[in-house]
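Open the model in a viewer and keep the selection panel at hand. The stops below say what to select next and what is there.

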Amino acid sequence: MKTSLLLVVTLLQLVLLRPVAQAQPSPAPAATNAPKRQLQAIRITEAVKLDGVLDEAVWQQAPLATDFIQNRPKPGPHEQHPTEVRILFDDAALYVGAVMHDVAADSIKRELSARDNLPNTDFFGIFLDTYHDKLNGYGFIVTAGGVQADARYSPASGEDFAWNAVWDARTAQRGTDWVCEMRIPYSAIRFSTAEVQQWGLQFMRRRQALRQDFFWSEVKPEVDGFVNQWGELTGLKGLKPPLRLSLTPYVSGYVNHNPLNAEGTRRTTTSFNGGADVKWGINESFTLDATLVPDFGQVQSDNQVLNLSPFEVQFQENRQFFTEGTELFNKGNLFYSRRVGATPIGFYGVGLAENEKVVRNPAETRLLNATKISGRTKNGLGIGLFNALSNDVYATVRNTETGQEHTVLTQPFSNYNIAVLDQSLKNNSYVSLINTNVTRWGRTYDANVTGGLFRFANKKNSYAVDGSAVYSRRRGNVFGSEQAIDDQNGYKYTLGVGKISGNFTWGLNHRIESDHYNPNDLGILFGNNNITQNAYANYRIYKPFWKVNNMSFYSEVSHTLLYRPTRYQSMYLYNGFNTTFTKNFLQVGYDFMYSPTTHDFFEPRTYPLGEYFVRVPANADWLGFLNSDTRKRLSLGVNAGLTYYAEDERLLRPRRLRYRAGFYPRFRVNDHLTFRYSLDWSLQRHQIGYVNGGLSAAEVLDQPFMGQILLGRRNVATVTNVASVAYTFTNRMSFTLRVRHYTSNVRYQDFAVLQPDGQETLADYRRNRDNTYNAFNVDAVYSWWFAPGSQVSIVWKNAGSTYLLGEQATPLYFENFNNTINTPHNNSLSVKVLYYLDYLALRRRR
């Protein structure tokens, strides 16, 4: 009855949101694109000096782009302090000169940062859609302090700041104005060979003092898409795509001290590495990127956590080669780049005979090389090819009596491959075909996934239908076994329709993932065997009214069934809200979700799914958040949440509860030095879950329960502290220090044996299964971009962790912290030098 009532209330809310919001004083603007603006570029015969002065006479001869239109916080008004932009070009590069007028010199914010970060600062940006397909583009941004940022724009990745190009810029302050001068070589972008070209063009300016964003060609927030709202750049004649050939060799040296290395091995080791990244423009549209003998030892440490769920932990990709220019390969979410060079598939299953122990077991697969070819033709066809090779990986096993050692294969030689075709269509639409493949040497199974995607929008860009169909195929044996892989064929499809533009948007979606669908060899999926359908409705007010800048409402209803056998899994009703106040830019909001009784078929870890599930009582979850004005020296973000569960009438147990809170202060000392801190805390009381670690026949107290599914009622307390300091010496030199401590404590109260159909019977299980996990990391990075594309980086890493079981586990935070600090840590100090060599620049010097 409660579920039906809540469903009716939510559906009424979806229907009534639009009329209520339309009663506001400001009528909703029409969801149509603004008229296109045009700017003509002027060809020059003599190069301009890049100094941020704009004193060459040719700048005054070029047509002027000005009269920018505000996008935030109040869409529509024209700027009061003009922005003036001109574009020049020659046979080698595009030149952009911009003057940003302001009211006073101290109104121009100039906080420095590392590349691709945009903190408390004014900035100017130019955006180019070189094939004018209104879907894909480049962004080049410079802050008032001269810090560069660049990004790619695409339907798959949105705004992707992981992409880096080699270009240059200079800024200068002149009284109440600041000036930006940019040189974007043609080697940084791709375009056609047509004699006369027209590109999509956009300029953006941020005035951080009032947190205002302005665009030259009006960008209406209620219109779906960004690239499709740009203006046009004309006058481009006789452009010749250059030979894009560059080599970035590197050398690196490491000193590593690991006090936990096995007896008889060196605790302190050194290594020297060398390799290179190669970029070659195959033609005007396509580029080959290759990394030879890559070295990823300096990437930021992963945020390790205690995983009590039946699914793996998804880690962020920090390796530049796999984050840069991968928008084509991310189509359809079939590529999880951490699979390449991941933990060997036999890492946890090294077979040991009596009196043997593992003395070396590499946790990562070293890549031999990786290559990607990507680009887009003048007709809008995007093509992407990715390939990577990894060598055999072996663990070293030693006989403790004789001292003899032998190796055990944990990962066979493997080839990873992706192929993508992506055709851009009119009206912000596309169709795509993706194939991923993993081939392993020997009889270990191979995997192949093929998917098709589409999105079709109407001419007004107000409604769209999208969908996908994916087939997964695996053939061969389980690693190290003669047993054939079981999930050989599977499929997934999705279909959605919705209103995508305007203040009021809505959508309906349907998805099926079969019980044998498995893209996880090169992708990531947290659970298949699902039938899901959902409906959502959103209403956004973009123009300020009363005391707020904007306001957003979100609602969604979702229902999930098990695919085979068809059984109920879950349902939820969601509602969210946020707004930003006009004077102090204080952002507040909440998220609320109600879930009726859920049947979790994955938690018991039994396959095939369907007979056993863990029953989760109905619950209501609320999270509120507040973020203060980031322009202030001291800014703060806080959140707090509560999940309240219905009582479980089947067994006499306390009510389940979940509390959580976050605290995120930031203090900016000056434009060079900033401190940040984050604290995340959560406490789950009386949670019911699979006993982590399972049962072992070697444990006497486990033996009576072998073959049964053991659940535990437990309290789980987790605290994460992250402190960081960033000092930016110049716009090309920075130092960052990041320290993270994570601790999670699991304290069991009682146990039960799970029966079919979610029934539980209390069990007299006596083994202490409490556990505590601690992880501690330090990442200190000094970085100096001494020339465009060339860098020196010095990195110190410190890492340690403890996993305490039974009586050793403790819920005391400071005892855990001291224990973690005093545990021997792995330390690594490395120096890496990259030097960018451009063929065209070398030829000009000769």
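**Stop 1**

Select Ser783 and Gln791: their side chains make a polar contact at 2.5 Å. A polar contact is a pair of N or O atoms within 3.5 Å; within protein, one must be able to donate a hydrogen and the other to accept it, and residues adjacent in sequence count only if both atoms are side-chain atoms. This is a predicted model, in which local features need pLDDT of at least 70 and side-chain atom pairs count only at pLDDT 80 or more, while totals for chains, interfaces and linings use all residues. Residues are numbered from 1 along each chain as its sequence is written, and side-chain values use heavy atoms, with hydrogens and water left out.

Is Ser783 buried or exposed? Ser783 has a relative accessible area of 9%, so it counts as buried (buried means under 20% relative accessible area, exposed over 50%, partly exposed in between, with a 1.4 Å probe and protein chains only). Leaving aside residues up to four places away in sequence, Ser783 touches Arg732, Met733, Ser734, Gln791 and Val792, where contact means heavy atoms within 4.5 Å.

Now show the cartoon. Ser783 belongs to strand β42, residues 771-787. Helices (H or I, at least four residues) and strands (E, at least two) are DSSP runs, numbered from the N terminus. Strand β43 (residues 790-805) pairs with β42 in the antiparallel sense over 15 bridges; two strands pair if DSSP finds at least two bridges between them.

Follow β43 to its pairing with strand β44 (residues 826-834), antiparallel over nine bridges. Here Trp796 stands opposite Leu829 in β44.

**Stop 2: the annotated domain**

Select residues 50-205, which an unreviewed UniProt entry annotates as "domain: Carbohydrate-binding". UniProt positions are given in the numbering used here, feature names are shortened, and annotations may be inferred rather than shown by experiment. Over residues 50-205 the chain is 3% helix and 45% strand, with the end C-alpha atoms 20 Å apart.

**Stop 3**

Colour the five strands that form an open sheet in the order β2-β4-β5-β11-β10, with mixed pairing. β2 (42-43) and β10 (168-174) are the edge strands, each with a single partner, so one side of each has no neighbour in the sheet. Strands β5 (residues 93-101) and β11 (residues 177-185) run antiparallel and are joined by nine bridges; Met100 has Trp178 in β11 as its bridge partner.

Go next to the open sheet of three strands, β18-β21-β22, with antiparallel pairing. Its edges are β18 (356-360) and β22 (405-411), each with a single partner strand, so one side of each is left without a neighbour in the sheet. β21 (residues 393-399) pairs with β22 over six bridges, and Tyr394 has Leu409 in β22 as its bridge partner.

**Stop 3: aromatic rings**

Rings of Phe, Tyr and Trp (its six-membered ring) pair if their centres lie within 6.5 Å; planes under 30 degrees apart count as stacked, over 60 as edge-to-face and the rest as tilted. The count by this rule is 39 aromatic pairs. Select Tyr153 and Phe226: the ring centres are 5.5 Å apart and the planes at 55°, so the pair is tilted. Tyr153 is buried at 4% relative accessibility, and Phe226 is partly exposed at 22%.

Finish with Phe296, Phe321, Phe322, Phe329, Phe335 and Phe386, which form one aromatic cluster.
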